[in-house]
Amino acid sequence: MIRKPLVCASGYYVTQTADDDHGVPIPGRVLPHQQWAKTAIKRLPPPGFLNWEEIFGRQAPLVLDLGCGNGRFVISSALARPELDHVGIEILPVVIRYATRRANQRGLSNVRLAVIGAYEFLAQYVAPASASEIHLYHPQPYRDAHKKQRRLITPEFLALVHRSLIVGGLAVLQTDNQAYWQYLRSLAPRVFDFQELTGRWPDAPQGRTRREIYARRHAMKIFRGCGTPRPELTAEAIQQIVHDAPRPKFNA
């Protein structure tokens, strides 16, 4: 089987195979070609909140996978929960092509995939209180000191996640970088009712993403948590939190 080295949006080098991640099969099965779906949003329109009902042709709860990589989580979730609509975004076109092909082959009409950064996507295309779930797995920690300013999770970013979620919506954050987790664990409770999750995912004990599978194979600790938006926070209160909260200047 041909293996191709890639660098995902997380910045980690990976080796891509046709049907598995480090020996763990991609969920679902490849359907006959006539049953394939069209999941790619090949070109996003000019900035403006997207109408998901028009895009999916139905009204359904929306799940966002920010930095979806090769699509393992968004595909798994879409297969397991066909009643939900899923959007995966990734900054590198070469990576998202794998996700798109796999979702197409599995006939996942409840998936759309696009190339864009997570911050820009939430800020420019996701309307307030429109997403039921937002997932972010293994954001790039940027260990080089001169790249710290490129870290995705900041007070401003979590404010956007808060804005995008419905009341009672779910935010899921995961990393294998301890310093990043310590920062997240101190920051997230300011805007979410947040709890740390332990153990393995019941739905995917070997890992929900390619990176998690890799990390577990190499005995790396996984840190993750989830939370719902704190409903008592006004826009003014959130802006004050953004102003007062620490920046992600930790050493990774």
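Trainee: Which element gives the most to the lining of the second largest pocket?
Mentor: Helix H2 does, with 5 residues. Keep in mind that this is a predicted model.

Trainee: What volume does the second largest pocket have?
Mentor: The volume is about 320 Å³. The lining has 21 residues, and the closest to the centre are Phe73, Ser76, Asp203, Ala204 and Arg208. Elements that give two or more residues to this lining are strand E4 (24-25), H2, E8 and E9.

Trainee: How do the residues of that lining divide by class?
Mentor: Into 11 nonpolar, 5 polar and 5 charged.

Trainee: Which residue in E6 does Val63 stand opposite?
Mentor: His86. On the E7 pairing, His86 stands opposite Val111.

Trainee: In what sense do E6 and E7 pair?
Mentor: Parallel, over 5 bridges, with E7 covering residues 111-115. Here the chain crosses from E6 through helix H3 (residues 93-105) to E7, and that β-α-β crossover is right-handed.

Trainee: Is E6 itself largely enclosed or open?
Mentor: Largely enclosed by the rest of the structure, because 6 of the 6 residues in the strand (residues 85-90) are buried.

Trainee: Which residues are on which side?
Mentor: Asp85, Val87 and Ile89 are on one side, and His86, Gly88 and Glu90 are on the other. Both faces are covered.

Trainee: What lines the largest cavity?
Mentor: Leu66, Ile134, His135, Leu136, Phe157, Val161, Ala171, Val172 and Leu173. Strand E8 (131-137), helix H5 (155-164) and strand E9 (165-175) each supply at least two of the lining residues. By class, the lining has 8 nonpolar residues, 1 polar and no charged.

Trainee: And which residues line the second largest cavity?
Mentor: Pro155, Leu158, Ala159, Leu187, Arg190, Val191 and Ile241. H5 provides the largest share of that lining, 3 residues.

Trainee: How many charged residues does that lining have?
Mentor: It has 1 charged residue, along with 6 nonpolar and no polar.

Trainee: Backbone next. What is the phi of Ala129?
Mentor: Near 55°, which is positive in a residue other than glycine. Ala129 sits in the loop between helix H4 (118-125) and E8.

Trainee: Why does Ala129 count as partly exposed?
Mentor: Because its relative accessibility is 48%, and partly exposed runs between the buried limit of under 20% and the exposed limit of over 50%.

Trainee: What about the phi of His138?
Mentor: His138 has a positive phi too, about 55°, although it is not a glycine. This residue is in the loop between E8 and H5.

Trainee: Does His138 count as buried or exposed?
Mentor: Buried, because the relative accessibility of His138 is 3%.

Definitions and conventions. Residues numbered from 1 in each chain as written. Predicted model: local features only at pLDDT ≥ 70, side-chain atom pairs only at ≥ 80, totals over all residues. Heavy atoms only, no water. Buried < 20%, exposed > 50% of the residue type's maximum accessible area, 1.4 Å probe, protein only. Helix = DSSP H or I, 4+ residues; strand = E, 2+ residues; numbered from the N terminus. Pairing = 2+ DSSP bridges. Right-handed = clockwise from strand over helix to strand, strands pointing away. 1 Å grid on protein atoms, 1.4 Å probe; cavity = no way out; pocket = protein on both sides within 12 Å on 5 of 7 lines; lining within 4 Å. Nonpolar A, V, L, I, M, F, W, Y, C, P; charged D, E, K, R; others polar. Points joined across faces, edges and corners; volume = space filled by probe spheres on them.
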